[in-house]
Amino acid sequence: MTYLLPIGGEWLQTETTDTIRLPYDDSPIAEVPQGNPALVDRAVSAARAAAAILENWTNYQRAELLDRIAALLRRDRTGFANAVSSETGKPITEARAEVDRGLQTLLASSIAARELHGEVVPIDAAPTGAGRLAMTIRQPLGVIGIITPFNFPLNLTLHKLGPALAGGNAVVHKPSEQTPLSALMLARIVQEAGAPAGAYNVVTGPGETVGSALVESPGVDMITFTGSVPVGRAIRARAGLKKVTLELGGNGAVIIEPDADLDAAVPRVVQGGYGYSGQSCISVQRVYVHESIAANFRDRLVAAVEKLNVGHPAEETSQIASLITVQAAERVEQWTRQAAQAGAKILTGGDRTRATIRPGILTEVPEDSRFMREELFGPLVAVNAYRDLDRAIELVNGTSYGLQAGIYTQHLQRAFQAAQKIRAGGVLINDVPTFRADLMPYGGTKESGLGREGPRYAVQEMTEPKLICWHA
Ligand code: NAP
């Protein structure tokens with residue numbers, strides 16, 4: 001397939017191209033055009049023109065557009081899944097699951113468009129309000145700049161594009177340099193679905209130049225970013241008065257109480273800790289298990305993790321493939337070694353072959369190690385024992401992140417005690433932090449971010465209320 005840059009309804013070639021490689025074995029899979037700041041300017045102008053059209057579309061028209069995009073994504077499911085698997089290196093079964101989640105995100109965006117409304121303001125409750133009627137309507141912001149990471153290149157894009165279109169905005173998108181293929185394919189179906197030219201523009205290229213140009217562009221009204229904390233911090237510092245939402249990292253924790261149903265918990269910890277080799281912002285990274293059941297839990301987890309199939313991402317049987325780069329795998333290996341040197345015990349796995357890390361489990365991991373405090377983004381999980389639930393909650397809260405956390409218990413009061421005390425954007429009772437349904441409100445506290453996604457919530461971020469007040 002030839003990839004071209006979709007800007008203003010045209011498909012552009014660029015002077016330079018970039019080779020996209022399969023992270024698993026570094027084999028070349030595609031040549032993509034490489035954008036630059038001048039193309040960002042061109043894309044922003046095209047988006048402004050499209051925004052002027054889209055703001056006059058009714059909620060019904062925007063919802064129908066999103067439904068048509070969903071129908072085309074369903075038609076092209078196989079092609080999208082292959083592209084996502086190749087660019088990310090995730091197993092094909094997980095890539096298919098990402099496309100299916102993308103469909104849910106589009107469906108939720110279409111519903112969000114149909115339900116978008118303002119409210120009646122009880123203006124005569126104010127002493128000066130007599131004789132007046134007031135209401136708000138929701139209006140689009142205009143042009144939304146979206147910047148996405150490598151790990152869920154299709155669904156995370158749809159989490160921004162869907163609500164942006166639902167709210168009547170146009171978009172300029174800077175995907176991750178490593179994973180631009182699904183975005184370039186998505187632009188084809190957005191056009192085929194009948195979006196105005198320039199409604200969805202993609203500019204590939206490095207974050208340092210192309211991303212920065214988008215963040216600083218005076219023609220952009222809002223930046224919605226998903227990625228790491230350092231880049232999120234830099235974006236917020238440079239965005240000026242633009243609205244900014246940030247979906248950042250995490251180091252997901254789950255508490256396993258003595259009465260937990262381990263038959264349910266162990267497979268979910270495996271799914272949450274090792275899915276896409278742990279490269280999800282809500283992966284299970286830290287398990288705090290009550291000391292009375294710790295040995296039993298560890299034995300069961302080791303047995304389950306040692307059964308995971310490691311292999312080429314295109315193989316139907318592969319459950320673990322590679323990390324995104326060799327450097328990322330080297331970093332995970334280094335943090336694991338450092339934790340072991342500081343006293344952690346490696347129960348299984350952790351060794352590296354090129355960009356692939358064999359799924360691993362550590363225990364007795366020092367709480368002040370990078371393995372526990374930072375975001376690992378690899379297929380290893382720490383299992384530490386605790387005696388007292390309050391102490392476990394303190395440990396969950398003891399890092400700078402706060403995206404989602406989980407607790408397994410049959411005890412309602414303890415479950416809600418944890419839910420109230422844990423500082424995170426979401427607490428999952430009898431589940432791992434990795435659970436996400438695409439319609440739910442999703443986002444972080446502390447350094448995990450600002451703002452909420454989930455189309456119904458994101459569309460509020462991407463529109464603003466306008467007051468209309470009538471004086472009789
Ligand atoms: P990243 O390094 O922060 O990159 C994210 C995006 O920002 C990429 O498109 C990158 O471009 C771009 N970028 C880099 N520097 C920039 C700059 N100075 N100005 C503007 N844009 C810039 O993140 P990643 O490694 O791709 O993804 C992993 C991170 O994303 C993890 O921390 C993970 O937790 C987080 N994440 C969060 C969520 C959530 O919903 N909270 C979901 C998924 C992932 P390049 O192509 O040049 O790198």
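Which residues form one aromatic cluster?

Mentor: The model is predicted, so local features need pLDDT of at least 70 and side-chain atom pairs count only at pLDDT 80 or more, whereas totals for chains, interfaces and linings use all residues. Residues are numbered from 1 along each chain as its sequence is written, and side-chain values use heavy atoms, with hydrogens and water left out.

The cluster is formed by F150, F152, Y276 and F377. Rings of Phe, Tyr and Trp (its six-membered ring) pair if their centres lie within 6.5 Å; planes under 30 degrees apart count as stacked, over 60 as edge-to-face and the rest as tilted. This rule gives three aromatic pairs. F150 and F377 are edge-to-face, because their ring centres are 6.0 Å apart and their planes stand at 85°. F150 belongs to the loop between β7 (143-147) and α5 (155-166), and F377 to the loop between α12 (370-373) and β18 (380-386), 227 residues apart. Helices (H or I, at least four residues) and strands (E, at least two) are DSSP runs, numbered from the N terminus.

Buried means under 20% relative accessible area, exposed over 50%, and partly exposed in between (1.4 Å probe, protein chains only). F150 is buried at 14%, as is F377 at 17%.

F152 and Y276 also form an edge-to-face pair, with 6.2 Å from centre to centre and 75° between the planes. F152 is partly exposed, at 22%, while Y276 is buried, at 3%.
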